[in-house]
Amino acid sequence: MTGLLLICLGITGLGLSGFPALLFNRHSNTGQGFSLGLTLLSSACGILGLAAWWKGGTAVSVEIPWQIPGGSLALGLDGLSAFFLIPLFLVSALGALFGMEYWKQSDNPDSGRYVGIFYGLLSAGMGLLLLARNSVLFLLGWETMAVAAYFLIVVEGGQKNVRQAGWIYWVSTHFGVLALMVLFLVMQGLLGTFDWSVLPLDPAKDVRCSILFLLALVGFGFKAGIMPFHFWLPKAHSSAPSHVSGLMSGVMLKMGVYGILRILGYFSQPPSWWGILVLAMGISSGVLGIILASGESDLKRMLAFSSIENIGIIFMGMGLALIGRSTGNDLLLRLGMMAALFHVLNHSLFKTALFYCSGSILHSTHTRRMDWLGGLIPFLPLTGGAFVLAACAACGLPPLNGFIGEWILYQGFFHLSTGGSFFSAFLGTLAIGGLALIGSLSVVSFVRSFGTIFLGSPRFSFGLHGKEKKGFMAASLGLLLAACLGLGFFPGRILFAVGKAVESAPTGLPPAPLDGLVPFGLIASLNLALFVVLGLGIGWILLRKRNTAGESPRPETWSCGYADPSSPRLQYTASSFGEILSKTYHWVLPFRFHRPVLGGPFPRKSGFATITYDRILGGILIPSFRSFGDKVSVLLKIQQGRTSIYLLYIVIAFLAALCWGSWSLP
Amino acid sequence: MILNAVIHVSMVLFLSPLLLGVINKTKAFVAGRVGPPLFQAYCDLAKLFRKGMVLSRTTSWMFLAGPWVGWVSVFAASLVVPLGHHRAPLAFQGDMIFLAYVLALGRFFTASAALDTGSSFEGMGAAREVSFSSFAEPALFFGFMALARLSQTYSLSEMVLGENFKVGPEKIASLILVTIAWFIVLLAENSRIPFDDPNTHLELTMVHEVMVLDHSGPALGLILHGASMKLLLMGALVMDVAFPWDPSGLADWFMFILEMALLAVLIGVVESFMARLRLKFVPNLLVSACLLSAFGFILLVR
């Protein structure tokens with residue numbers, strides 16, 4: 001109970017954290033400092049609360065009557081909520097720390113306090129929805145999150161594409177909320193109250209259950225950014241300030257995952273097609289997401305596409321768990337849930353770190369176009385090193401934490417494909433092939449972005465706007481990477497939290513230790529050994545570089561004698577690096593060439609560009625919405641803006657009501 | 001147990017460059033030349049480790065980190081691969097995933113080191129290396145699935161160990177398919193003909209070699225030795241599947257050496273009689289390798 005109290009206190013503190021800044025001058029950083037202090041204090045309070053709760057570890061709940069019809073302040077804390085609260089408190093605190101330097105009040109007098117307030121509200125909304133056990137309360141938290149995120153996306157609303165991103169986000173998130181409202185109304189119809197409890201239906205027989213499941217998949221899928229509901233995500237995440245993008249990608253997307261897991265927990269035995277559907281969505285989202293990432297030339301959009309891929313991996317884990325649950329195979333259930341939850345935590349760490357890196361790059365170069373950068377590593381050495389580590393984690397490479405999650409997931413699919421029927425083997429083949437493809441394609445996309453941005457020589461003489469920040473920005477990045485490494489070396493330490501979450505997520509699962517399922521100890525020590533060996537070598541290289549600096553003039557790159565030092569634009573760019581893949585996968589990754597038009601004498605100046613676009617948004621949604629808009633524009637004739645005509649409408653309506661009333665009277 | 005581990009590690013470290021010699025001798029024999037000596041690779045390595053390095057002014061620490069991480073990752077990967085059905089020094093549940101991913105770690109850093117030179121040749125090589133590997137990776141995993149299904153175990157050493165590997169004639173077909181698929185993957189991953197020609201003089205057509213154009217001295221030595229270790233470990237994988245017989249103590253190590261020599265001769269013969277594929281057909285061949293090994297797995301499920 002103390003735990004829940006502390007966590008509530010922490011969430012309230014987070015929600016209020018932005019407001020102290022309003023008391024101070026818009027040009028001074030004092031207010032932001034107070035906000036940061038409050039955020040750190042609240043997060044510490046929340047983490048303390050989590051620790052206190054895990055010590056006991058029994059689910060607690062409080063219910064306080066509330067005036068709102070149907071609503072009650074039903075709060076609860078169980079393993080699943082507690083697990084998703086970890087990244088929330090961690091990333092909120094680190095993001096505020098990063099923002100202290102990245103979005104400094106004195107540099108952004110107009111938007112600094114605004115960002116602070118909505119940042120706090122975004123965190124608090126997520127905290128509220130994680131604790132809510134009542135539909136109305138849940139939707140309150142959900143809407144707070146969604147609306148706060150909207151205001152954070154449009155911070156730089158002066159730019160047209162930012163406004164467009166906000167608009168697309170707004171429409172799609174509320175489409176999701178619509179599905180959730182229907183879902184909760186149907187649930188209320190079945191349960192008789194908006195408070196949540198296990199549904200008295202047998203999903204195998206009752207078709208209503210499947211409708212509920214599909215509604216949850218759509219409603220929460222929009223937030224999670226699973227394909228085909230992903231189209232809002234790249235624009236929105238790239239428009240927000242980088243520390244906010246980190247919170248959105250690292251934590252907000254996971255709220256969709258949480259919602260699906262929570263709702264699934266209220267069904268007894270799911271039919272097997274649920275798991276297959278979730279798995280298929282996961283595979284397609286993972287593979288297509290990473291293919292899109294490998295064709296993207298805007299750094300933050302590329303990171304957002306990689307988030308879509310990682311959400312796909314999480315969904316694959318959930319699909320495996322569902323298949324295990326419907327076939328009664330406990331091993332698959334546990335492995336799938338464990339992999340999904342591990343990946344939730346891992347992704348929230350490394351993706352946030354990558355967004356912070358992008359913030360640091362943006363801070364120094366004022367551009368997100370990878371093709372314009374290059375050779376940044378001497379100017380941003382810390383960011384460069386951090387990017388390598390975080391990118392390795394994102395690719396699932398040992399010795400970092402990303403590997404642990406994918407390793408568990410692979411083992412689950414190996415179990416699926418080696419035992420059982422032809423169909424499960426077929427699913428296993430698709431999943432393992434998909435995972436292998438995802439793993440190797442993410443190496444392509446991250447080598448591509450790291451190489452283009454940090455290695456080689458600068459492609460344009462971009463002015464460096466200020467040096468690398470080595471204060472708060474570097475500190476928060478370093479803490480995130482320490483967490484990534486720590487999870488890679490000691491994954492067993494987090495196992496108890498995962499175990500609690502697995503026990504509480506699906507109903508009727510007996511508690512059982514997870515540590516015997518996969519050899520955690522061995523892989524952890526292997527990771528540690530690998531890291532030490534690699535680190536020693538790289539440390540020696542850095543030391544040697546420092547000692548030999550300035551000794552003798554170093555030559556140009558030999559490069560078969562071709563190199564022309566005056567034109568670094570001859571280097572491979574991000575688009576040339578991804579060309580092989582974008583040619584192979586052109587059916588997913590449509591890219592248009594803008595070829596130069598040159599003809600006749602005295603041709604005019606022309607240019608060449610390749611542009612990739614999203615097939616779902618650009619190919620289907622926008623044209624269909626536009627044609628729908630054209631069709632219904634006939635209705636505009638009714639609305640003319642003249643008062644007399646509106647008065648006429650009122651008179652007609654009144655008369656019609658009178659007629660109807662007199663007809664229906666006996 | 002310890003003896004086997006010592007033999008394993010020393011074979012990986014010291015025997016692997018010999019494979020390159022055997023391949024080159026075979027090619028020379030087919031072409032009617034004398035060819036370089038059998039131990040040429042050892043001489044090359046000894047020479048490279050004694051030399052200094054030229055580091056271009058474009059490069060950063062990544063340029064040297066690439067060869068180091070590449071070498072360590074191949075060595076770490078070799079620790080989980082059973083050589084000739086002997087249990088590998090490290091064997092645990094899920095080690096085949098570690099094998100694939102630690103090799104990917106090496107690829108990440110090698111390709112980054114290539115991009116670090118800022119030369120478009122090396123960028124080209126890096127792009128090809130990582131893109132082609134993404135086509136080959138599923139083939140490797142489908143093969144693992146077939147072996148896991150056969151043996152109902154989830155560790156490489158267990159998969160190919162004697163008692164788990166007794167197969168009736170009905171399973172032979174899928175093993176053959178996996179062997180062929182993995183042989184294709186081996187050729188691609190080790191940049192052999194028909195994917196890549198280590199001897200070509202046209203950098204525009206190369207894959208792996210063009211990535212390391214600017215490395216010299218000990219760094220190049222590490223790359224060369226890492227490449228030979230990778231050839232050995234992938235060769236061991238192929239041969240473990242191709243010759244599923246039980247280990248019989250020390251004698252089996254000689255059996256393994258013979259198998260590897262046979263493989264090297266086979267690669268040499270392939271290189272002698274085939275030309276390089278056109279680059280745009282490389283993905284097709286790798287995708288067909290994926291299909292072969294996936295089909296090998298599906299045959300087992302029937």
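**Questions on a predicted two-chain model**

Me: Among contacts in chain A between residues at least 6 apart in sequence, what percentage join residues at least 24 apart?
Reply: The model is a predicted one. Counting contacts in chain A between residues at least 6 apart in sequence, the share that joins residues at least 24 apart is 78%.

Me: How does the radius of gyration of chain A stand against the globule rule?
Reply: Chain A is built from 22 helices and four strands, and 55% of its 666 residues count as buried. Its C-alpha trace spans about 105 × 70 × 60 Å along the principal axes. For 666 residues the globule rule gives 26 Å, and chain A is close to that, so it is as compact as a globular protein of that length, with a radius of gyration of 27 Å.

Me: Which helix of chain B gives the most to the side that touches chain A?
Reply: The contact involves 59 residues of chain B and 62 residues of chain A. On the chain B side, helix 3 (61–78), helix 4 (95–115), helix 5 (120–151) and helix 11 (282–301) each supply at least two residues. The one that gives the most, with 18 residues, is helix 5 of chain B.

Me: How many residues on the side of chain B that touches chain A are charged?
Reply: That side of chain B has 36 nonpolar and 15 polar residues. The number of charged residues there is eight.

Me: Is helix 15 of chain A roughly parallel or roughly antiparallel to helix 11 of chain B?
Reply: The axes of helix 15 (residues 422–454) of chain A and helix 11 of chain B come within 10 Å and cross at roughly 160 degrees. An angle over 145 degrees counts as roughly antiparallel. Therefore the relation of helix 15 of chain A to helix 11 of chain B is roughly antiparallel.

Me: Are helix 3 and helix 4 of chain B roughly parallel or roughly antiparallel?
Reply: Helix 3 and helix 4 of chain B have axes 7 Å apart and pack at an angle of about 165 degrees. Their crossing is left-handed. With the limit for this class set at over 145 degrees, helix 3 and helix 4 of chain B are therefore roughly antiparallel.

Me: How many nonpolar residues does the contact of helix 3 with helix 4 of chain B have?
Reply: Residues of helix 3 of chain B, including B:Gly66, B:Gly70 and B:Ser73, meet residues of helix 4 of chain B, among them B:Val102, B:Gly106 and B:Phe109. The contact has six polar and no charged residues, and its nonpolar residues number 14.

Me: Is A:Asp78 buried or exposed?
Reply: A:Asp78 is in the loop between strand 2 (72–77) and helix 3 (79–102) of chain A. Leaving aside neighbours within four places in sequence, A:Asp78 is in contact with A:Ala59 and A:Ser504. The limit for this class is 20 or more other C-beta atoms within 10 Å. A:Asp78 has 22 C-beta neighbours inside 10 Å, so it counts as buried.

Me: Which residue does a cis peptide bond join to A:Met227?
Reply: Most peptide bonds are trans. Here omega is about 5 degrees, and the residue joined to A:Met227 is A:Pro228.

Me: Where is A:Pro399, the residue at the end of the cis peptide bond from A:Pro398?
Reply: The peptide bond from A:Pro398 to A:Pro399 is cis, with omega near 5 degrees. A:Pro399 is found in the loop between helix 13 (381–394) and helix 14 (401–418) of chain A.

Me: Is B:Gln152 buried or exposed?
Reply: B:Gln152 has a positive phi of about 55 degrees although it is not a glycine. B:Gln152 lies in the loop between helix 5 and helix 6 (156–159) of chain B. Because it has 11 other C-beta atoms within 10 Å, B:Gln152 is exposed.

Notes. Residues numbered from 1 in each chain as written. Chains lettered and ligands numbered in written order. Predicted model: local features only at pLDDT ≥ 70, side-chain atom pairs only at ≥ 80, totals over all residues. Contact = placed C-beta atoms within 7 Å. Nonpolar A, V, L, I, M, F, W, Y, C, P; charged D, E, K, R; others polar. Axes fitted to C-alpha atoms, helices over the stretch in contact; angles between N-to-C directions. Parallel < 35°, antiparallel > 145°, perpendicular 65-115°, else oblique. Rg over C-alpha atoms; globule rule 2.2 N^0.38 Å. Buried ≥ 20, exposed ≤ 12 C-beta atoms within 10 Å, placed from the backbone. Left-handed = near helix turned anticlockwise from the far one by under 90°.
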